[in-house]
Every structure is written in structure tokens, then in C-alpha cells.
Amino acid sequence: MKFTAIVASLIFAGSEAFAPAASNVRSTVLNAEASRMEFLQQSAAAVAAFTMLPGQANAAKYGGFGAGSPEVIDPKDALVDEDILKSEPVQKALEAVKGYKQSTVDLKTVLSSDNQADIGAKIRKDFDFSVIRTDLNAINAALDEDTQRGTDRIVRAILQDITELEVSQKQKPGVPRSEKRLGNVIGKLDKLEKSFDDYLAFAN
């Protein structure tokens, strides 16, 4: 009888020990399934605060090349594996990133023709987080580890730029976009275009 009680207590203790691990797994899965909308909602307050900062601080997303940043090196100093760079997957990713950059130009053209245009649908269509991240990571594979530490920083800046753009372009129903708000959206597009330019400089 005592033996049975001991075995039962060990089984119970073992199940308790594994419970936190199972809980952690469920938590990880839920976190991995966070939607784009949830990300935007969580970022909205941070973006609002970020845009309140002085222009100079806003511009210094990741520092200047070779100066002001311990991670982003000058593209001319980057070590690139030419064989990987010329591979079909990387070339395809490069064309895609050039397309993302062109989308920022196209969006500015739309706004210059109609400053009240709703560009939210095009932003969501052209700048899919998971697709963009996959393309940028494919190009990263052609770069050495030291360079990747810097380009990873630019990748994060690009995703942040897209988040800021999507938040800033939203309009309340029936409320026209003011000149100030239009200028803010154009500024976000300029910032995103530069981020893509900065990244592409490492693969040229």
C-alpha cells in the first residue's frame, strides 16, 4: 500500500514538472501566430511617440554607414559571396526588393494626384511582412556575418517603416487628410524608400 502511494505521488510530481513546459510550448505557438493587425495595434502607441521626437533623432534609425553605428558598415566594405549573389533565389529576391522600392514611388505618385487617396489596401498588398522578410533574408545569405549584423538592423528598420506608414496613412471616415498629415505620410514613404535603397546598396 505504501509502495502504491509512493508511485502515485511520483507520477503526480512528474506531471506537474512537465506542465510548465507544455504551457510554454502553447505560449510560443500563440506568439508565433500573432497577426499583422495585432502587431500594428501594439505598435501604434510606440509609433505615435516616435513621431513626436525631433527630426534628427527620427532620422537616425540605424546610424550612418561607417560612422554613428557600431553595426551597419559601409556597403563598400561588405564581403559578398558572388556565387550566392548570382544564384536564382537571391536574384529573384533582389528583383522583389527593387519592386518594393518602386511601390513607395508609385504610392507617392498616387498621393500627388489625389491627396485624399486611400492607400491602405495597396500598402497591405505590396508590403507583406512575411514575404518581405523572406526576400531580405535570402539576400542576406550572400553576405558575411559581420555585414549581416548591420543588414539585420536595416531589415528591422524596414519593417518598422512599413508599420509607421500604415498607421500614419489611416483616416477617420468623413475627415479629409490635412496638408500636415499628407506631409507626414509622404515623409514615411521617403523614409521607407531610403531604407530599401540602403539595403540594396549591399548587393550592388
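Which side-chain oxygen reaches to the backbone nitrogen of D146 at the start of α8? I looked this up in a predicted model. A side-chain oxygen of D144 comes to within 3.3 Å of that nitrogen.

**Entry 1: helix α8**

I then examined the length of α8, which runs over residues 145-169. Its 25 residues, at 1.5 Å a residue, should span 36 Å.

**Entry 2: α7 against α8**

I next turned to helix α7, residues 129-140, which packs on α8 at an angle of about 160 degrees. The two axes are 11 Å apart. Angles over 145 degrees count as roughly antiparallel, and α7 is therefore roughly antiparallel to α8. I recorded the crossing of α7 past α8 as right-handed.

From α7, the residues in contact are F129, I132, R133, L136 and N140. In α8 they meet Q148, T151, D152, V155, I158, L159, I162 and T163. Sorted by class, the residues of this contact are seven nonpolar, four polar and two charged.

**Entry 3: α5 against α7**

I looked up how α5 meets α7. Their axes come within 8 Å and cross at roughly 130 degrees. The relation of α5 to α7 is therefore oblique. I noted that α5 passes α7 in a left-handed crossing.

On the side of α5, the contact is made by V90, A93, L94, A96, V97 and Y100. On the side of α7, V131, I132, D135, L136, A138 and I139 take part.

**Entry 4: α5 against α9**

Finally, I followed α5, residues 88-113, to helix α9, residues 179-200. How are these two helices directed relative to each other? Their axes cross at roughly 160 degrees and come within 10 Å. The helices α5 and α9 are therefore roughly antiparallel to each other. I recorded their crossing as left-handed.

The residues of α5 in this contact are L94, V97, K98, Y100, K101, T104, V105, L107, K108 and L111. Those of α9 are L182, V185, I186, L189, D190, L192, E193, F196, D197 and L200. Which classes do the residues of this contact belong to? I listed 13 nonpolar, one polar and six charged residues for the contact of α5 with α9.

Key. Residues numbered from 1 in each chain as written. Predicted model: local features only at pLDDT ≥ 70, side-chain atom pairs only at ≥ 80, totals over all residues. Heavy atoms only, no water. Helix = DSSP H or I, 4+ residues; strand = E, 2+ residues; numbered from the N terminus. Expected span 1.5 Å × (residues − 1). Polar contact = N/O pair within 3.5 Å; in protein donor to acceptor, adjacent residues only side chain to side chain. Axes fitted to C-alpha atoms, helices over the stretch in contact; angles between N-to-C directions. Parallel < 35°, antiparallel > 145°, perpendicular 65-115°, else oblique. Left-handed = near helix turned anticlockwise from the far one by under 90°. Contact = heavy atoms within 4.5 Å. Nonpolar A, V, L, I, M, F, W, Y, C, P; charged D, E, K, R; others polar.
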